[in-house]
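Please work through each task with the structure in view before reading its solution.

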Amino acid sequence: MTSLPKGPGKFALLRMMFDLSKTLADLAREYGDPFTLPSAFGPMVIAVAPEGNKEIFTADPDTFTASAADSFGRVIRTSVLVTSGAEHKRQRKLLMPPFHGQRMRLYGQQLQELTRERTREFRPGTRLVAQELMHAISLQAIIHLVFGVSAPEQVARAERLVSDFRRAFTNPLLLLPILVPWLRHELGGFGPWGRLRYAVRAINALFGEELARRRRDPAERTDILSLLMAARHEDGTPLGDPQIYDQLLTLLLAGHSTTGDALAWAMYFLAREPQALARLRSELAALGKDPEPEALA
């Protein structure tokens, strides 16, 4: 039996939720790296240093199980977030082709245009909230590039439904039904679990309408929804509609708030580090007025 590395007490994660000055890097300095952090999903081993993270990413995938499976398996039943082992590998194999080569170049160009559109009216001295700006851009990227929704009225509807889903998913009170399974009752859409289930059904209805529209008009498209519709298992069978819904929700969960927050923090640290900002501006200037995505990367 392998013992876990030492770490803080069982209420450490809860304390961190109320004391935002405490970071995982602080705990690594205090308890060593890696360290064990108790959580609602069981003990989590946290690696902060690059060496530890490399070890995790290069390990045999069967070493790990999906920590969120019990809690979110009822929301995204077939997602890569909640599957392990052979099923996880099978799903990853299905999902990876959209994220390679020429298609990534196309997505990069579309991201550039979405960003230009969002910032076109900016002028020196414009005040902005970086997190709101980056969340808005990442949301537009998901709606256009992942969901493939483009009609203005449908884009507005998708924005509203994603906002409802995000509020339900990030509600602190959702922690109660996550920790206590018998609290997972819909109650007519009231309560944290009920609101989450209602939000999931509403956004799945949008996906269902988009799938039906595309089947009526099977034009060639480049968004990820189209690629999921074209994906085939090894036996040649397509993904079922519920599986497509789950993967779209997964991409929303993995790509909206996380991306927006990471970019907002990047802007924050660049503002605090003038030398790094000057170097970045110099590197960008050297690429010319309209650089290709590969050059930016």
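**Exercise 1.** In this predicted model, determine how H7 and H12 are oriented to each other.

*Solution.* Two packed helices are described by the angle between their axes and the distance between the axes. Helix H7 spans residues 130-146 and helix H12 spans residues 241-255; they pack at an angle of about 155 degrees, with their axes 10 Å apart. Angles over 145 degrees count as roughly antiparallel, and H7 and H12 are therefore roughly antiparallel to each other. Their crossing is right-handed. H7 contributes Ser138, Ile142 and Val146 to the contact, while H12 contributes Leu248, Leu251, Leu252 and Gly255. Sorted by class, this contact of H7 with H12 holds five nonpolar, two polar and no charged residues.

**Exercise 2.** Describe the second largest pocket by its volume, its lining residues and the helices that supply them.

*Solution.* Begin with the volume: the second largest pocket holds about 2000 Å³ of space. Next, consider the lining, which has 44 residues; Thr115, Met134, Ile137, Leu263 and Leu296 lie nearest the centre of the pocket. These 44 residues divide into 32 nonpolar, eight polar and four charged. Then assign the lining to helices: H6 (101-119), H7, H12, H13 (257-272), H14 (274-285) and H15 (293-296) each supply at least two residues. H7 gives the most, with nine residues.

**Exercise 3.** Locate Pro34 and characterise the peptide bond that joins Asp33 and Pro34.

*Solution.* Pro34 is found in the loop between helix H2 (24-31) and strand E1 (35-37). The peptide bond joining Asp33 and Pro34 is cis, with omega about 10 degrees.

Methods:
Residues are numbered from 1 along each chain as its sequence is written. This is a predicted model: local features need pLDDT of at least 70, side-chain atom pairs count only at pLDDT 80 or more; totals for chains, interfaces and linings use all residues. Side-chain values use heavy atoms; hydrogens and water are left out. Axes are lines fitted to C-alpha atoms, for helices over the stretch in contact, and angles run from 0 to 180 degrees between N-to-C directions. Helices (H or I, at least four residues) and strands (E, at least two) are DSSP runs, numbered from the N terminus. Angles under 35 degrees count as roughly parallel, over 145 as roughly antiparallel, 65 to 115 as roughly perpendicular and the rest as oblique. A crossing is left-handed if the near helix is turned anticlockwise from the far one by less than a right angle, and right-handed if clockwise. Contact means heavy atoms within 4.5 Å. Ala, Val, Leu, Ile, Met, Phe, Trp, Tyr, Cys and Pro count as nonpolar, Asp, Glu, Lys and Arg as charged, and the others, Gly among them, as polar. On a 1 Å grid over the protein atoms alone, a cavity is a set of points where a 1.4 Å probe fits but cannot get out, and a pocket is an open set with protein on both sides within 12 Å along at least five of seven lines; lining residues have an atom within 4 Å of a point. Grid points are joined across faces, edges and corners, and a volume is the space filled by probe spheres set on the points.
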